[in-house]
Structures are given as structure tokens and as C-alpha cells.
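I opened this entry to log what I looked up, step by step. My plan was to go from the whole chain down to single residues.

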Amino acid sequence: MIKLHGRITSANVQPVAWCLEELGVDYERLDIGGPFGGNDTPEYLAMNPLGLVPVLEQEGQTLSEVMTILRYLMRRYGGHPSDPMAAAQIERWADMSRQHIYVPLIPTLFWQLIRTTSADRNLAAMANAEAALKQAMTIVQDLIKGPFIGGDKLNLVDFQIGSLLYRYYELDFDRADLPKLRAYYNALCHRPAYREFVMIDFSGMKVPGA
Ligand SMILES: N[C@@H](CCC(=O)N[C@@H](CS)C(=O)NCC(=O)O)C(=O)O
């Protein structure tokens, strides 16, 4: 059985857990990282020398890096296209989201708003992140071709970008007005697996004074 190592409060573990649930793949998740620790042991570092979550373990092999894990799961269980160009057309946007959505949203806005006191915030970095997200999310809205970004079926891009939308909409910052993106997110919020594995309240992660 697959073992997914990583606390569910991690923005990098959530897309993997959501993907496994939607694909109906049997797995067990272990709370590793953050307050649980366990990611600095020799055994864990042998699986991921960076000591980060998530790690996926299956059949004696281990994988790290959320995009690598999602690609693997979608190829093996999710009907990811075997045609290289068709696959690349999907992967292109999932890869884009790591630099142009994840970076401004999680290590910038999430950390500034939740893990930094209001007195210590880097307002210039936050303004740059807001501008970057306005541009990237406008592009994402144009990608939405049906109930999901990929059309009728969840694909790699949905798991990567869709999972970030909870924090995107729940954090308090200036967003572009994108009704189609909002409707897509509202529909995700009705999916039981999205509710359970992505919509994890992060208010408890706030530092005093944030
Ligand atoms: N590039 C890595 C980033 C993973 C990452 O930054 N994980 C964070 C949590 S979101 C982590 O492990 N932090 C240490 C911890 O949780 O203890 C990936 O794509 O999986």
C-alpha cells in the first residue's frame, strides 16, 4: 500500500492527499513534519535528504517533490495522456503554477499574513506577490474549459492549482475579480475530498500579533 508522509496542514501534502482520494487509490498517511517532527531522522533523510514533506513510498521506492509525485500518480492511476505533447500541454500549466502561483501565495503572502507579526511584514514583497497573482490567476481563469481546468475530468493542473485556491481565497489580500475562477473554486468546495483534505483551517498556525 502507498504511504504518504506529511502533515495535512502542508500546502504541498494537500494536493497529493486530495489526488489519491479522487483517484480512489488505497493509501495510508503519516503525520510527519511541522509540530509532529519525524522529518530529521536518518530514515526520513534517506527518503528525502531535504527533510521536507511530502514523501510518497510505494513498492520499496520513494518519491519527493509534489509535482513529481502528482505526475507519477496521474500517469499510473489518473489517465494522464501518453502522447508526449498532450501530456506537456497539461504539465506546462502545473509547472507554471509552482513559480507564479505557489511562490507568491505560500512562501510570500501566507508566511507574511500568518507567520509574521503585522509590525514585521514586508509590504513591498506582499504588493509584488499580489500583482504576480493577479496576472497568473487571470491566465488560469482563461484555462478553465468546463467544470474543471482540464475540461470534464480532474487533471494534474486541477490538483496543483485547485489545491492552492483555498488559501488564495481565505487569506486577506487584494485579488483580481475573476468570476469564472471563483465559480470553479466554489464547485471544488462541494467535493467531499477537497473539503476534507484541502480546506484545512489554518487560523491555528497564526503567530501572535499576525
Ligand atoms: N519543493 C518541495 C517543497 C516541500 C516543502 O516546502 N514542504 C514543507 C511544508 S509545505 C516542509 O516540509 N516543511 C518542513 C516541515 O513541515 O516540517 C516539494 O515540491 O514537495
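My notes follow, from overall shape to ligand shell.

**Overall fold**

I am working with a predicted model. I began with the secondary structure and found 8 helices and 4 strands in the protein chain. Reading along the sequence, I wrote down the order as β-α-β-α-β-β-α-α-α-α-α-α. Next I checked the radius of gyration. The value is 17 Å, close to the 17 Å from the globule rule for 210 residues, so the chain is as compact as a globular protein of that length. I also took the box along the principal axes: the C-alpha atoms fill roughly 50 × 40 × 30 Å.

Buried residues come to 32% of the 210 residues. Among contacts with a separation of 6 or more, 68% link residues 24 or more positions apart.

Domain 1 covers 2-77 and domain 2 covers 84-200. Their centres, over C-alpha atoms, are separated by 21 Å.

**Helix H3**

H3 has 12 residues and reaches 16 Å from first to last C-alpha, close to the 16 Å expected at 1.5 Å a residue. Which residues of H3 are buried? I listed Val-66, Ile-69, Leu-70, Arg-71, Leu-73 and Met-74. The buried residues of H3 pack against H1, strand S3 (55-58), strand S4 (61-64), helix H4 (84-114) and helix H6 (156-170). Just after H3, I saw that Gly-79 takes a positive phi of about 70°.

**Helix H6**

I moved on to H6, one of the partners of H3. H6 has 15 residues and reaches 23 Å, close to the 21 Å expected at 1.5 Å a residue. I recorded H6 as mostly covered, with 13 of its 15 residues buried.

**Two single residues**

I picked Pro-84, found in helix H4. Is Pro-84 buried or exposed? I counted 9 C-beta neighbours inside 10 Å, so Pro-84 counts as exposed. I also took the C-alpha distance to Ile-161: 21 Å in space, at 77 residues apart in sequence.

I then turned to His-5, in strand S1 (residues 2-5). With 24 other C-beta atoms within 10 Å, His-5 is buried. Leaving out residues up to four places away in sequence, I found that His-5 touches Leu-30, Ile-32, Val-53, Pro-54, Val-55 and Glu-57. His-5 and Glu-28 are 23 residues apart along the chain, and their C-alpha atoms are separated by 8.5 Å.

**Ligand shell**

Last, I looked up the ligand. Which residues are around the ligand? I listed Ser-10, Ala-11, Asn-12, Gly-33, Gly-34, Asn-39, Leu-52, Val-53, Pro-54, Glu-65 and Val-66. The shell divides into 5 nonpolar, 5 polar and 1 charged. I cross-checked against my earlier notes. Val-53 and Pro-54 are in the shell, and His-5 touches both.

Note on methods: Residues are numbered from 1 along each chain as its sequence is written. This is a predicted model: local features need pLDDT of at least 70, side-chain atom pairs count only at pLDDT 80 or more; totals for chains, interfaces and linings use all residues. A residue is near a molecule or strand if its C-beta atom, placed from the backbone, lies within 6 Å of it. Ala, Val, Leu, Ile, Met, Phe, Trp, Tyr, Cys and Pro count as nonpolar, Asp, Glu, Lys and Arg as charged, and the others, Gly among them, as polar. Helices (H or I, at least four residues) and strands (E, at least two) are DSSP runs, numbered from the N terminus. The radius of gyration is taken over C-alpha atoms; the globule rule is 2.2 Å times the number of residues to the power 0.38. A residue is buried if 20 or more other C-beta atoms lie within 10 Å of its own, exposed if 12 or fewer, and partly exposed in between; C-beta atoms are placed from the backbone. Two residues are in contact if their C-beta atoms, placed from the backbone, lie within 7 Å. Domain bounds come from an automatic or database domain assignment. The expected span of a helix is 1.5 Å times one less than its number of residues.
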